[in-house]
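Here are some notes to read alongside the model. I have kept them to a handful of points, with the rules spelled out as they come up.

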Amino acid sequence: MVTRVMALRGGISMPQAAPVEEGTALLSNDLETLMLPPGEVGTAFASVLQGGTGVEQAKLFDLTAEPLLENYGLAYAQKVQQDLEASGQQSMVFSDTVSQGEQRPTALSTGVGGALVATTLIEQRTLDSAGGRYKPEATGLVTALSGLSGQQDRIVQEIAHQILFFVPSKSDDGAKIQVLGVSSELVGARN
């Protein structure tokens, strides 16, 4: 059964695989020998996505030219708010929250002591008329997923980010958690 499908990033170096004779092992989500237990990686990255590179958790990740941070979460929320103000629709309120999805993260051993961790984050984007005269409009994918069309008092969109991380061992001094691959899709909409 496939639970996550994601595209690997170009230009990355995949961690060494476990030896063939050993194979990989499914790791516990509370494993303490890694820089961060696998079950906490998604929550930590959700904090970075929602709060930006200034949050405490950001120091755990290699965020060099990270497209998720440029196109989702805090960056997206700031862009929408600027666009609303520039268009004179500042009475609408936009909020963006990111959290670990309900599906349990999957952690696999590697040949270098770290782990591959696959997890799903849910980004919830809410555009609310806040009782003003400007109202968000349901079109395209939002209409296809929700059945809503035209102006609404509020529109909530859910985007699933399926992410593959490499989490180094605690003994890898100075190493950071890397994003190896990601797929982001609009998976829900409602009012």
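Helices (H or I, at least four residues) and strands (E, at least two) are DSSP runs, numbered from the N terminus. This is a predicted model, in which local features need pLDDT of at least 70 and side-chain atom pairs count only at pLDDT 80 or more, while totals for chains, interfaces and linings use all residues. Residues are numbered from 1 along each chain as its sequence is written, and side-chain values use heavy atoms, with hydrogens and water left out.

1. **The largest pocket.** A pocket here is an open set of points on a 1 Å grid over the protein atoms alone, where a 1.4 Å probe fits and protein lies on both sides within 12 Å along at least five of seven lines; lining residues have an atom within 4 Å of a point. The largest pocket is lined by 16 residues, and Y76, V80, F94, L127 and Q157 lie nearest its centre. Helix α3 (73-86) gives the most to this lining, with 4 residues. At least two lining residues each come from α3, β5, β6 (137-138) and β8. The volume, taken as the space filled by probe spheres set on grid points joined across faces, edges and corners, is about 250 Å³.

2. **Around Y76.** R125 lies over the face of Y76, at 3.4 Å from the ring centre. The rule asks for CZ of Arg or NZ of Lys within 6 Å of the ring centre and within 35 degrees of the ring normal. Both residues also turn up around D96, in strand β3 (residues 93-100): leaving out residues up to four places away in sequence, D96 touches Q50, G73, Y76, A77, E123, Q124 and R125. Contact means heavy atoms within 4.5 Å. D96 has 10% relative accessibility, so it counts as buried; buried is under 20% relative accessible area, exposed over 50%, and partly exposed in between (1.4 Å probe, protein chains only).

3. **The largest nonpolar core.** Such a core is a set of buried Ala, Val, Leu, Ile, Met, Phe, Trp, Tyr and Cys residues joined through side-chain atoms within 4.5 Å. The largest has 24 residues, and F45, F61, I163 and F165 have the most contacts inside it. At least two of its residues each come from α1 (38-51), α2 (67-71), β5 (115-128), β8 (154-167) and β9 (178-190). Helix α1 supplies the largest share, 6 residues. A second, separate core of 6 residues includes M6, L116, F166 and L180.

4. **Which residues do ring pairs link into a cluster?** They are F45, F61 and F165. Rings of Phe, Tyr and Trp (its six-membered ring) pair if their centres lie within 6.5 Å; planes under 30 degrees apart count as stacked, over 60 as edge-to-face and the rest as tilted. The count comes to 4 aromatic pairs. F45 and F165 have ring centres 5.3 Å apart and planes at 65°, so this pair is edge-to-face. F45 is in helix α1 and F165 in strand β8, so the pair ties together parts 120 residues apart in sequence. F61 and F165 form a tilted pair, 5.9 Å centre to centre with 55° between the planes. That pair links the loop between α1 and α2, which holds F61, to strand β8, 104 residues apart. F45 and F165 are both buried, and F61 is buried too.

5. **P37.** This proline lies in the loop between β2 (26-27) and α1. At 8% relative accessibility, P37 counts as buried. Beyond residues up to four places away in sequence, P37 touches N29, D30, L31 and E32.
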